[in-house]
Amino acid sequence: MAGTSHGHTPAAWTGVTISIIGFCIAGVFMVAANQPGFWGGVGVVLLGGVVGMAMRAMGLGKPKESAAMAEARAAAVRQQIENSAGTQVRPEAEPQAKGQAQAQTV
């Protein structure tokens with residue numbers, strides 16, 4: 001996930017930070033047996049999600065990937081696999097099987 005920058009946006013950091021604070025508030029009030037404080041903490045957790053989604057809608061989150069970008073990323077991964085393995089990655093197994101069958105008959 002680190003290679004895809006998953007979650008490395010202001011929207012994600014803000015939403016998660018607010019949610020963690022809400023979780024801590026709810027935990028403290030749960031131990032103190034204070035129901036209104038607990039539910040207030042749960043509300044802060046939910047607020048973190050709302051704030052994160054609102055910031056994403058404002059353009060502070062990771063943009064959605066287009067189909068062309070997804071294909072380019074997949075091609076780059078295939079190329080990287082080819083380079084590291086020293087062999088060519090074939091999308092279909094049939095051409096390779098035909099080549100082996102011809103080599104055995106010769």
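Trainee: What covers the buried residues of α1?

Mentor: The cover includes α2, where contact means heavy atoms within 4.5 Å. This is a predicted model, in which local features need pLDDT of at least 70, side-chain atom pairs count only at pLDDT 80 or more, and totals for chains, interfaces and linings use all residues. Residues are numbered from 1 along each chain as its sequence is written, and side-chain values use heavy atoms, with hydrogens and water left out.

Trainee: Which residues of α1 are buried?

Mentor: They are A11, G15, S19, G22 and A26; buried means under 20% relative accessible area, exposed over 50%, and partly exposed in between (1.4 Å probe, protein chains only).

Trainee: What is the span of α1, and what is expected?

Mentor: Helix α1 (residues 10–31) has 22 residues and reaches 32 Å from first C-alpha to last, close to the expected 32 Å. The expected span is 1.5 Å times one less than the number of residues. Helices are DSSP runs (H or I, at least four residues), numbered from the N terminus.

Trainee: Why is M53 called exposed?

Mentor: The relative accessible area of M53 is 57%, and exposed requires over 50%; therefore M53 is exposed. M53 is found in helix α2 (residues 35–60).

Key
Helices (H or I, at least four residues) and strands (E, at least two) are DSSP runs, numbered from the N terminus.
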